[in-house]
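Reader: Could you take a close look at one part of this model for me, the surroundings of the ligand? I'd like the contacts and the cut-offs behind them.

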Amino acid sequence: MSQGKRTFLVLLGVPGAGKGTQARLLESDLGLPQISTGDIFRYNLKNDTELGLLAKSYMDKGDLVPDDVTIRMVEDRLQREDCAGGAIMDGFPRNLFQARAFDAMTADSGGVSLVPMITISDEEAMRRITGRRVCRSCGEVYHVEFNPPKQEGICDKDGGELYLRNDDTPETVRNRLYVYYKQTSPLVGYYFAHDLLFEIDGNRAIETVQTELKTLLAGGEKVT
Ligand code: AP5
Ligand code: MG
């Protein structure tokens, strides 16, 4: 069955580039939900589901969760009503197999609309990830130095406890970066070839990156 045109943004970037931070800021502006596969796995883990337990064994090492499980999970998520207009994809697709599956999933509604790629150095990624703190209840993302909460250890939004993700240790981050270059970076060529890729310098303040993303989405200059 053919659906109307929908908007699907795919945010690319190394771990720590700011995909989650930017996606959350864009949500209300675009009226589209952020779909973070990492967040969905963490939600499942928190609730002790079978999927959560399976995902944990991969996530703790910084490896990708198997494609069949991940793709099925995204297919289910896209059925929800809040995706009627599309979605902001954060952390999916993450390899060529997933990218092709996503193309098939969205073919009826116009496919992927745009792929903003947020670039930062590996050193910056390490700084950002090891200083990151996440709200245990609502998932809001902070940084102890670059984006601190008003009160240390407490979420500004809902007062939840802030924690350090299990996979945010230097050793796991190194493997996540390796996995990114090996498995996810081929998507750069894939989306470039489809004329969908736009590079955004992520080494600037969160608000500056957000403004540039909005300009890009409003049909502004190609930012490469
Ligand atoms: P996932 O949760 O997606 O983690 P990731 O890709 O490693 O990305 P991060 O969440 O670490 O970084 P981000 O770009 O969102 O940065 P953030 O905005 O938080 O995946 C986790 C795991 O789940 C994977 O390793 C894998 O096992 C599994 N998984 C997920 N998706 C999968 C898939 N499709 N297939 C298979 N497995 C999958 O920002 C980072 C920090 O920097 C924060 O502290 C933030 O406050 C700060 N910050 C952000 N922007 C700025 C800025 N401009 N200036 C200064 N500080 C900033
Ligand atoms: Mg994230």
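Author: Helix H2 gives the largest share of the shell around ligand 1, 4 residues; helices here are DSSP runs of H or I with at least four residues, strands are E runs of at least two, and both are numbered from the N terminus. Keep in mind that this is a predicted model, where local features need pLDDT of at least 70 and side-chain atom pairs count only at pLDDT 80 or more, while totals for chains, interfaces and linings use all residues. Residues are numbered from 1 along each chain as its sequence is written, chains are lettered from A and ligands numbered from 1 in the order written, and side-chain values use heavy atoms, with hydrogens and water left out.

In total, 35 residues surround ligand 1, and the closest are Thr-21, Asp-63, Arg-94, Arg-132 and Arg-176; to count, a residue needs a heavy atom within 4 Å. By type, the shell splits into 13 nonpolar, 12 polar and 10 charged residues (nonpolar is Ala, Val, Leu, Ile, Met, Phe, Trp, Tyr, Cys and Pro; charged is Asp, Glu, Lys and Arg; the others, Gly among them, are polar).

Now the polar contacts, meaning pairs of N or O atoms within 3.5 Å. A backbone N or O atom of Asp-63 sits 2.5 Å from an oxygen atom of ligand 1. Arg-176 brings a polar side-chain atom to 2.7 Å from a ligand 1 oxygen, and a polar backbone atom of Arg-204 is 2.7 Å from a nitrogen atom of ligand 1. On its own, ligand 1 exposes 1,000 Å², and the protein buries 97% of that (Shrake-Rupley areas, 1.4 Å probe). Besides H2 (37-46), helix H1 (19-30) and strand S6 (141-143) each give two or more residues to the shell.

Notes
A polar contact is a pair of N or O atoms within 3.5 Å; within protein, one must be able to donate a hydrogen and the other to accept it, and residues adjacent in sequence count only if both atoms are side-chain atoms.
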